[in-house]
Structure formats: structure tokens, C-alpha cells
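Please examine the arrangement of strands and helices in the model shown below.

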Amino acid sequence: MIQPIYLYGADVLRRKAEEIDITDKEGVKALVQDLKDTLAEAEGCGLAAPQIGVSKRVVIVDGTDMTDMYDYLKDFRRTLINPRIIAQSDNFCTFNEGCLSIPGIYADVRRPDTITVEYYNEDLQKVTETFDRFACRMVQHELSHLDGDMFTDHVAPIRKKMIAKKLVGIANGRYVTRYKSKTK
């Protein structure tokens, strides 16, 4: 079911998400389906459970709509349940990021260029996978949401000053989205 996406200023986006009980298969399945439906409606490339108001450690990423820029993402769809990064590269790269929870704002963010993540997939099988290139970026961005972080927390200080008023505006309800959204 399509859920509203919580926007900058919502408390749920700043809380550290709890692990989801993977023995509750129906609950996990329902949450994953809500995330998929909501992401498809919003036309994004990733969504974390806190972004739909559920403070649980579940994210989905879908790079299939980005194949015009990154052809290696043509089959890249992942559901990561209770993920944790177990290794990361000492090398970093910078990409311009945006977020469905921060409409209309984009900024360069520096992150490790490779990570290895341990997680449960949709079939509740434990997986260890290494991500690189833009797939790595999408996964890291969504995993940050699980720790109450947003991409704007990682931008250069001068950029933070430049977007401060816009962020306050979003938190105060001055925003436009093409998808269902809310701030509280």
C-alpha cells in the first residue's frame, strides 16, 4: 500500500531504527510491499522504512530506472533487512545526492566507494554482498536513514548554510512533492 513519505523535520527520520523481528514473516512482507509501492509511486531509487514512518531497519534500492546513466544497474533491485556494514573501503568518492524526504535539494556527498553489507533478503536468507559504484551510493544513502542520518548532515559547511532556509521551510510545511508526503 502506498504510504506518505515523511519529510525533513519529522522526528522518525532522526531516530535510530530498531531491528525488525524476522520471525514475523507477514509483518516483514507487508512492510517490504509498502516500501515497494511507495517507492514506485514516488519514482525514487531507494527508500528506508523510517521514511514511511516505521522505525525499523529495512530498506529497498532500485537502480533499474537509472540505466541510461549506469547500465550496470539494469537488474539492480535489493531489499535489505536488518543490514549492517561489515567493511568499507578507505577510498572515497563524491556524488550529488537528493532524497525523497528532502524535496528539491541536492548536494555533493563524500562516502566510501565500496562497502560490504550483511543483511537478510526478502526471502529472509542471510546475505553478504559487496557494493561499489552507484549501487554502493544508493545503499549507503538508505542505510544512513536507519541511523537517523540524512544526506544533508554530510555536506560541506558552506553548502549547509546555503540550504538551511530551504530545510526550515520543508520542516515548516513549505514544500511541493508529486507524491504523498507529510512532515509530522
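A48 has V59, a residue of β3, as its bridge partner. This predicted model pairs β2 with strand β3, residues 58-62, in the antiparallel sense over three bridges. In general, strands of a sheet pair through backbone hydrogen bonds, either parallel or antiparallel.

The pair belongs to an open sheet of five strands, with antiparallel pairing and the order β2-β3-β4-β7-β8. At its edges are β2 (46-48) and β8 (126-132), each of which pairs on one side only. On average, neighbouring strands of this sheet are turned by 40 degrees against each other, direction ignored.

Two helices accompany these strands. Helix α1, residues 25-42, lies across β2, β3 and β4 (77-88) and runs at about 40 degrees to β3. Helix α2, residues 133-146, packs on the sheet and touches β2, β3, β4, β7 (114-120) and β8. The direction of helix α2 makes about 155 degrees with that of β3.

The backbone also deserves attention at two positions. Most residues other than glycine have a negative phi. L124, although not a glycine, has a positive phi of about 60 degrees; L124 lies in the loop between β7 and β8. R133, also a residue other than glycine, has a positive phi, near 50 degrees, and lies in helix α2. Is R133 buried or partly exposed? Partly exposed residues fall between the cut-offs of under 20% for buried and over 50% for exposed; R133 therefore counts as partly exposed, at 46% relative accessibility.

Conventions: Residues are numbered from 1 along each chain as its sequence is written. This is a predicted model: local features need pLDDT of at least 70, side-chain atom pairs count only at pLDDT 80 or more; totals for chains, interfaces and linings use all residues. Side-chain values use heavy atoms; hydrogens and water are left out. Two strands pair if DSSP finds at least two bridges between them. Helices (H or I, at least four residues) and strands (E, at least two) are DSSP runs, numbered from the N terminus. Axes are lines fitted to C-alpha atoms, for helices over the stretch in contact, and angles run from 0 to 180 degrees between N-to-C directions. Contact means heavy atoms within 4.5 Å. Buried means under 20% relative accessible area, exposed over 50%, partly exposed in between (1.4 Å probe, protein chains only).
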